[in-house]
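Here is a short briefing to read alongside the model.

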Amino acid sequence: MRVAFFGTPETAVPTLDALLRHGVDVALVVTRADRPVGRSRTPRPPAVKVRAGEVGLPVVQPESVKDPAFAAALEAAAPDALVVVAYGRLLPQGVLDAAPHGAINVHFSMLPALRGAAPVAWALARGARETGVSTFRLDRGLDTGDVLLQEAVPILPREHAPALLARLAVTGAELLVRTLDGLAAGTIVPHPQDGARATYAPILTRGDGAWDPGWTAADLEGRVRGFDPWPGVWSRCAGRRLRLAGAVALDGDLSDAPAGTLLDALRLACADGTVAALEAVQFEGRRVVTAREAAAGRQLAPGDRLERIEPAA
(Lines give C-alpha, C1' and ligand atoms only; values in the text may rest on other atoms or scores of the structure.)
Protein backbone atom coordinates (compact mmCIF):
# COMPACT_ATOMS: atom_id res chain seq x y z
CA MET A 1 0.00 0.00 0.00
CA ARG A 2 1.32 3.43 -0.96
CA VAL A 3 -0.01 6.33 1.12
CA ALA A 4 0.20 10.07 1.62
CA PHE A 5 0.25 10.85 5.35
CA PHE A 6 -1.52 13.94 6.69
CA GLY A 7 -0.71 14.78 10.32
CA THR A 8 0.69 17.51 12.52
CA PRO A 9 1.13 17.06 16.32
CA GLU A 10 2.93 14.51 18.47
CA THR A 11 -0.25 12.45 18.63
CA ALA A 12 0.12 11.59 14.94
CA VAL A 13 3.73 10.38 15.18
CA PRO A 14 3.00 6.84 16.50
CA THR A 15 0.81 6.22 13.47
CA LEU A 16 3.51 7.38 11.07
CA ASP A 17 6.04 5.16 12.82
CA ALA A 18 3.66 2.19 12.72
CA LEU A 19 3.19 2.59 8.97
CA LEU A 20 6.95 2.60 8.44
CA ARG A 21 7.50 -0.44 10.68
CA HIS A 22 4.86 -2.29 8.75
CA GLY A 23 6.53 -1.55 5.42
CA VAL A 24 3.89 0.83 4.13
CA ASP A 25 5.28 3.06 1.38
CA VAL A 26 4.78 6.62 2.67
CA ALA A 27 5.22 8.58 -0.54
CA LEU A 28 4.48 12.02 0.90
CA VAL A 29 4.00 13.64 4.32
CA VAL A 30 1.65 16.62 4.50
CA THR A 31 1.75 18.76 7.62
CA ARG A 32 0.93 22.26 8.86
CA ALA A 33 3.30 25.20 8.64
CA ASP A 34 5.97 25.88 11.27
CA ARG A 35 4.55 28.08 14.05
CA PRO A 36 6.31 30.78 16.10
CA VAL A 37 6.63 29.92 19.78
CA GLY A 38 7.94 31.55 22.95
CA ARG A 39 8.97 35.12 23.53
CA SER A 40 11.40 35.02 20.64
CA ARG A 41 8.63 33.86 18.29
CA THR A 42 11.09 31.44 16.73
CA PRO A 43 9.34 29.17 14.20
CA ARG A 44 9.03 25.58 15.44
CA PRO A 45 8.28 22.69 13.08
CA PRO A 46 5.38 20.38 13.91
CA ALA A 47 6.24 17.00 15.42
CA VAL A 48 5.29 15.11 12.27
CA LYS A 49 7.66 17.22 10.17
CA VAL A 50 10.48 16.53 12.62
CA ARG A 51 9.85 12.78 12.54
CA ALA A 52 9.53 12.72 8.76
CA GLY A 53 12.86 14.50 8.47
CA GLU A 54 14.52 11.98 10.78
CA VAL A 55 13.48 9.08 8.56
CA GLY A 56 14.01 10.86 5.25
CA LEU A 57 10.43 11.22 4.03
CA PRO A 58 9.43 14.01 1.62
CA VAL A 59 7.41 16.74 3.38
CA VAL A 60 5.12 19.47 2.09
CA GLN A 61 3.50 22.22 4.20
CA PRO A 62 0.87 23.83 2.01
CA GLU A 63 -0.68 27.06 3.24
CA SER A 64 -3.79 25.92 1.38
CA VAL A 65 -4.71 22.41 0.30
CA LYS A 66 -6.34 24.06 -2.70
CA ASP A 67 -2.94 25.29 -3.88
CA PRO A 68 -2.24 23.92 -7.41
CA ALA A 69 1.36 23.19 -6.42
CA PHE A 70 0.14 20.98 -3.58
CA ALA A 71 -2.32 19.24 -5.90
CA ALA A 72 0.55 18.51 -8.29
CA ALA A 73 2.71 17.11 -5.44
CA LEU A 74 -0.14 14.86 -4.32
CA GLU A 75 -0.78 13.62 -7.85
CA ALA A 76 2.93 12.90 -8.33
CA ALA A 77 2.95 10.85 -5.13
CA ALA A 78 0.21 8.62 -6.64
CA PRO A 79 -1.02 7.24 -3.28
CA ASP A 80 -3.39 4.28 -2.97
CA ALA A 81 -4.87 5.92 0.14
CA LEU A 82 -4.59 9.09 2.18
CA VAL A 83 -4.03 8.63 5.91
CA VAL A 84 -5.24 11.54 8.05
CA VAL A 85 -4.37 11.76 11.77
CA ALA A 86 -4.87 15.08 13.58
CA TYR A 87 -3.90 17.08 10.51
CA GLY A 88 -5.79 20.13 11.77
CA ARG A 89 -7.50 21.23 8.60
CA LEU A 90 -10.57 20.12 6.66
CA LEU A 91 -9.87 18.57 3.27
CA PRO A 92 -11.94 19.51 0.21
CA GLN A 93 -13.64 16.85 -1.87
CA GLY A 94 -10.96 17.08 -4.55
CA VAL A 95 -8.33 15.97 -2.06
CA LEU A 96 -10.56 13.30 -0.47
CA ASP A 97 -10.94 11.75 -3.92
CA ALA A 98 -7.22 11.82 -4.73
CA ALA A 99 -6.62 8.12 -3.94
CA PRO A 100 -8.50 4.93 -4.95
CA HIS A 101 -9.12 3.88 -1.32
CA GLY A 102 -10.05 7.42 -0.27
CA ALA A 103 -8.94 9.31 2.85
CA ILE A 104 -8.74 7.12 5.96
CA ASN A 105 -9.01 8.95 9.28
CA VAL A 106 -8.09 7.72 12.76
CA HIS A 107 -10.63 9.15 15.21
CA PHE A 108 -10.29 8.73 18.97
CA SER A 109 -13.82 7.59 19.80
CA MET A 110 -16.26 4.81 18.99
CA LEU A 111 -18.11 6.60 16.22
CA PRO A 112 -20.81 7.81 15.96
CA ALA A 113 -20.09 8.75 19.58
CA LEU A 114 -18.13 11.94 20.17
CA ARG A 115 -17.86 13.28 16.66
CA GLY A 116 -15.79 16.45 16.55
CA ALA A 117 -12.52 18.03 17.57
CA ALA A 118 -12.11 16.99 21.21
CA PRO A 119 -13.37 13.41 21.72
CA VAL A 120 -10.83 12.50 24.41
CA ALA A 121 -11.49 15.59 26.53
CA TRP A 122 -15.25 15.18 26.38
CA ALA A 123 -15.17 11.42 27.02
CA LEU A 124 -13.44 12.18 30.33
CA ALA A 125 -15.50 15.28 31.10
CA ARG A 126 -18.72 13.29 30.70
CA GLY A 127 -17.55 10.52 32.96
CA ALA A 128 -17.22 7.75 30.37
CA ARG A 129 -15.56 4.56 31.53
CA GLU A 130 -14.75 3.37 28.03
CA THR A 131 -13.92 5.01 24.73
CA GLY A 132 -12.06 3.73 21.70
CA VAL A 133 -10.63 4.31 18.27
CA SER A 134 -12.32 4.22 14.88
CA THR A 135 -10.89 4.19 11.39
CA PHE A 136 -13.31 5.58 8.87
CA ARG A 137 -13.45 7.01 5.38
CA LEU A 138 -13.61 10.81 5.41
CA ASP A 139 -16.43 12.56 3.62
CA ARG A 140 -17.56 16.17 3.69
CA GLY A 141 -19.51 15.79 6.95
CA LEU A 142 -18.22 16.10 10.52
CA ASP A 143 -16.83 12.60 11.15
CA THR A 144 -19.79 11.06 9.33
CA GLY A 145 -18.06 8.72 6.87
CA ASP A 146 -18.32 4.94 6.74
CA VAL A 147 -16.56 3.13 9.58
CA LEU A 148 -13.90 0.59 8.63
CA LEU A 149 -12.63 -0.84 11.95
CA GLN A 150 -13.10 -0.02 15.64
CA GLU A 151 -11.47 -1.01 18.92
CA ALA A 152 -12.78 -0.17 22.38
CA VAL A 153 -10.36 1.11 25.04
CA PRO A 154 -11.17 1.25 28.78
CA ILE A 155 -10.55 4.52 30.58
CA LEU A 156 -8.37 3.99 33.65
CA PRO A 157 -9.35 5.40 37.06
CA ARG A 158 -7.92 8.90 37.58
CA GLU A 159 -6.52 8.96 34.04
CA HIS A 160 -6.12 12.47 32.60
CA ALA A 161 -6.37 13.44 28.94
CA PRO A 162 -2.65 13.37 28.03
CA ALA A 163 -2.19 9.81 29.26
CA LEU A 164 -5.40 8.55 27.65
CA LEU A 165 -4.54 10.26 24.37
CA ALA A 166 -1.10 8.64 24.36
CA ARG A 167 -2.67 5.17 24.78
CA LEU A 168 -5.26 5.84 22.10
CA ALA A 169 -2.55 7.01 19.70
CA VAL A 170 -0.81 3.64 20.01
CA THR A 171 -4.07 1.72 19.60
CA GLY A 172 -4.99 3.90 16.63
CA ALA A 173 -1.68 3.25 14.92
CA GLU A 174 -2.16 -0.51 15.18
CA LEU A 175 -5.77 -0.24 14.04
CA LEU A 176 -4.79 1.79 11.00
CA VAL A 177 -2.24 -0.79 9.91
CA ARG A 178 -4.91 -3.49 10.14
CA THR A 179 -7.27 -1.25 8.21
CA LEU A 180 -4.83 -0.73 5.34
CA ASP A 181 -4.11 -4.47 5.23
CA GLY A 182 -7.82 -5.19 5.10
CA LEU A 183 -8.46 -2.67 2.37
CA ALA A 184 -5.61 -4.08 0.29
CA ALA A 185 -6.95 -7.60 0.77
CA GLY A 186 -10.56 -6.58 0.16
CA THR A 187 -11.68 -8.06 3.48
CA ILE A 188 -13.08 -4.90 5.11
CA VAL A 189 -16.73 -4.08 4.64
CA PRO A 190 -17.35 -0.37 5.39
CA HIS A 191 -20.51 0.22 7.37
CA PRO A 192 -22.43 3.50 7.61
CA GLN A 193 -22.82 5.24 10.94
CA ASP A 194 -26.17 5.44 12.67
CA GLY A 195 -26.62 9.19 12.80
CA ALA A 196 -29.45 8.87 15.33
CA ARG A 197 -26.91 7.64 17.90
CA ALA A 198 -24.40 10.42 17.27
CA THR A 199 -23.01 12.55 20.07
CA TYR A 200 -20.63 15.46 19.71
CA ALA A 201 -17.34 16.62 21.18
CA PRO A 202 -16.93 20.27 20.18
CA ILE A 203 -13.65 22.10 20.20
CA LEU A 204 -12.74 23.29 23.68
CA THR A 205 -13.06 26.92 24.71
CA ARG A 206 -11.67 28.76 27.71
CA GLY A 207 -15.20 28.98 29.08
CA ASP A 208 -15.49 25.18 29.29
CA GLY A 209 -12.97 25.28 32.14
CA ALA A 210 -14.77 27.90 34.23
CA TRP A 211 -15.73 26.15 37.48
CA ASP A 212 -19.46 26.20 38.01
CA PRO A 213 -21.34 25.76 41.32
CA GLY A 214 -23.84 23.59 39.45
CA TRP A 215 -21.24 20.87 38.92
CA THR A 216 -21.48 17.74 41.03
CA ALA A 217 -18.30 16.17 42.37
CA ALA A 218 -18.34 13.72 39.44
CA ASP A 219 -18.74 16.63 37.01
CA LEU A 220 -15.74 18.35 38.55
CA GLU A 221 -13.55 15.26 38.45
CA GLY A 222 -14.44 14.61 34.82
CA ARG A 223 -13.61 18.14 33.74
CA VAL A 224 -10.37 18.27 35.70
CA ARG A 225 -9.24 15.07 33.98
CA GLY A 226 -10.57 15.94 30.54
CA PHE A 227 -9.52 19.59 30.31
CA ASP A 228 -5.90 18.88 31.24
CA PRO A 229 -3.71 20.64 30.13
CA TRP A 230 -6.04 23.14 28.45
CA PRO A 231 -8.22 24.96 29.30
CA GLY A 232 -7.91 23.50 32.82
CA VAL A 233 -10.56 24.12 35.47
CA TRP A 234 -10.32 27.56 37.03
CA SER A 235 -12.07 29.46 39.80
CA ARG A 236 -11.28 32.28 42.21
CA CYS A 237 -10.53 31.65 45.86
CA ALA A 238 -9.83 34.38 48.43
CA GLY A 239 -9.35 36.85 45.59
CA ARG A 240 -6.81 34.74 43.75
CA ARG A 241 -7.25 32.80 40.54
CA LEU A 242 -7.05 29.10 41.36
CA ARG A 243 -6.70 26.11 39.05
CA LEU A 244 -8.11 22.81 40.30
CA ALA A 245 -5.51 20.45 38.89
CA GLY A 246 -6.51 17.21 40.62
CA ALA A 247 -9.88 16.25 42.09
CA VAL A 248 -11.70 13.00 42.83
CA ALA A 249 -15.38 12.53 43.59
CA LEU A 250 -15.94 10.94 47.02
CA ASP A 251 -18.75 8.41 46.75
CA GLY A 252 -19.60 8.19 50.42
CA ASP A 253 -19.34 11.83 51.47
CA LEU A 254 -22.25 14.27 51.54
CA SER A 255 -22.45 17.86 52.74
CA ASP A 256 -25.11 20.49 53.38
CA ALA A 257 -22.62 23.28 52.75
CA PRO A 258 -23.14 25.50 49.71
CA ALA A 259 -21.38 24.30 46.55
CA GLY A 260 -17.89 25.77 46.36
CA THR A 261 -17.20 25.67 50.12
CA LEU A 262 -13.93 24.15 51.28
CA LEU A 263 -14.93 21.83 54.09
CA ASP A 264 -11.50 21.17 55.53
CA ALA A 265 -9.21 22.63 52.87
CA LEU A 266 -8.90 19.22 51.22
CA ARG A 267 -12.55 18.54 50.47
CA LEU A 268 -14.86 20.68 48.36
CA ALA A 269 -18.63 20.80 48.65
CA CYS A 270 -20.23 20.43 45.21
CA ALA A 271 -23.76 20.48 43.78
CA ASP A 272 -26.45 18.07 45.03
CA GLY A 273 -24.65 17.61 48.33
CA THR A 274 -21.73 15.75 46.72
CA VAL A 275 -18.14 16.18 47.86
CA ALA A 276 -14.84 16.09 45.94
CA ALA A 277 -11.36 15.55 47.35
CA LEU A 278 -8.92 18.16 46.10
CA GLU A 279 -5.59 16.56 45.25
CA ALA A 280 -3.66 19.29 43.40
CA VAL A 281 -4.12 23.02 42.91
CA GLN A 282 -2.30 25.87 41.23
CA PHE A 283 -2.61 29.54 42.05
CA GLU A 284 -2.04 31.75 39.04
CA GLY A 285 1.64 32.36 38.42
CA ARG A 286 2.68 29.60 40.82
CA ARG A 287 3.58 25.93 40.37
CA VAL A 288 1.15 23.07 40.88
CA VAL A 289 1.18 21.83 44.48
CA THR A 290 -0.79 19.23 46.35
CA ALA A 291 -3.87 20.49 48.16
CA ARG A 292 -2.25 19.35 51.39
CA GLU A 293 0.78 21.56 50.68
CA ALA A 294 -1.53 24.49 49.88
CA ALA A 295 -3.38 23.95 53.16
CA ALA A 296 -0.14 23.68 55.12
CA GLY A 297 0.96 26.97 53.59
CA ARG A 298 -2.38 28.56 54.56
CA GLN A 299 -3.23 29.13 50.90
CA LEU A 300 -6.40 27.08 51.41
CA ALA A 301 -8.45 27.04 54.60
CA PRO A 302 -11.73 25.53 55.77
CA GLY A 303 -14.62 27.80 54.92
CA ASP A 304 -12.93 29.38 51.89
CA ARG A 305 -15.34 29.71 48.98
CA LEU A 306 -14.70 29.21 45.30
CA GLU A 307 -16.16 31.76 42.93
CA ARG A 308 -16.88 31.26 39.28
CA ILE A 309 -14.70 33.23 36.87
CA GLU A 310 -16.77 34.29 33.92
CA PRO A 311 -15.21 33.20 30.61
CA ALA A 312 -14.53 36.76 29.50
CA ALA A 313 -12.39 37.45 32.59
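Let's begin with leucine 114, which is found in the loop between E7 and H5; helices (H or I, at least four residues) and strands (E, at least two) are DSSP runs, numbered from the N terminus. This is a predicted model, in which local features need pLDDT of at least 70, side-chain atom pairs count only at pLDDT 80 or more, and totals for chains, interfaces and linings use all residues. Residues are numbered from 1 along each chain as its sequence is written, and side-chain values use heavy atoms, with hydrogens and water left out.

- Leucine 114 has a phi near 60 degrees, a positive value in a residue other than glycine.
- With a relative accessible area of 10%, leucine 114 is buried (buried means under 20% relative accessible area, exposed over 50%, partly exposed in between, with a 1.4 Å probe and protein chains only).
- The loop between E7 and H5 is also the place of proline 112, and a cis peptide bond with omega of about 15 degrees joins leucine 111 and proline 112.
- Another cis peptide bond, with omega of about 10 degrees, joins aspartate 228 and proline 229; proline 229 sits in the loop between helix H7 (217-226) and E10.
- Arginine 158, in the loop between E9 and H6, has a positive phi of about 65 degrees although it is not a glycine.
- Arginine 158 is exposed, with a relative accessible area of 52%.

**The seven-stranded sheet**

- Seven strands form an open sheet in the order E5-E2-E1-E6-E7-E8-E9, with mixed pairing; two strands pair if DSSP finds at least two bridges between them.
- Strand E5 (59-60) and strand E9 (147-154) stand at the edges with a single partner strand each, so one side of each has no neighbour in the sheet.
- Helix H1 (residues 13-21) packs on the sheet, touching strand E1 (2-7), strand E2 (25-30) and strand E6 (81-85).
- The direction of H1 makes about 165 degrees with that of E1 (axes are lines fitted to C-alpha atoms, for helices over the stretch in contact, and angles run from 0 to 180 degrees between N-to-C directions).
- Strand E7 (residues 103-107) and E8 run antiparallel and are joined by four bridges, with isoleucine 104 opposite arginine 137 in E8.

**Serine 134**

- Serine 134 lies in strand E8 (residues 130-137) and counts as buried, because its relative accessibility is 0%.
- The serine 134 side chain reaches the backbone oxygen of serine 109 at 2.6 Å.
- Leaving aside neighbours within four places in sequence, serine 134 is in contact with several residues, including Asn105, His107, Met110 and Leu175 (contact means heavy atoms within 4.5 Å).

- Strand E10 (residues 234-237) and strand E11 (residues 240-254) pair in the antiparallel sense over four bridges, and cysteine 237 has arginine 240 in E11 as its bridge partner.
- E10 and E11 form a hairpin with two residues between them, and alanine 238 in the turn has a positive phi of about 50 degrees.
- Nine bridges link E11 and strand E13 (residues 274-283) in the antiparallel sense; glycine 246 has alanine 280 in E13 as its bridge partner.

Notes. Polar contact = N/O pair within 3.5 Å; in protein donor to acceptor, adjacent residues only side chain to side chain.
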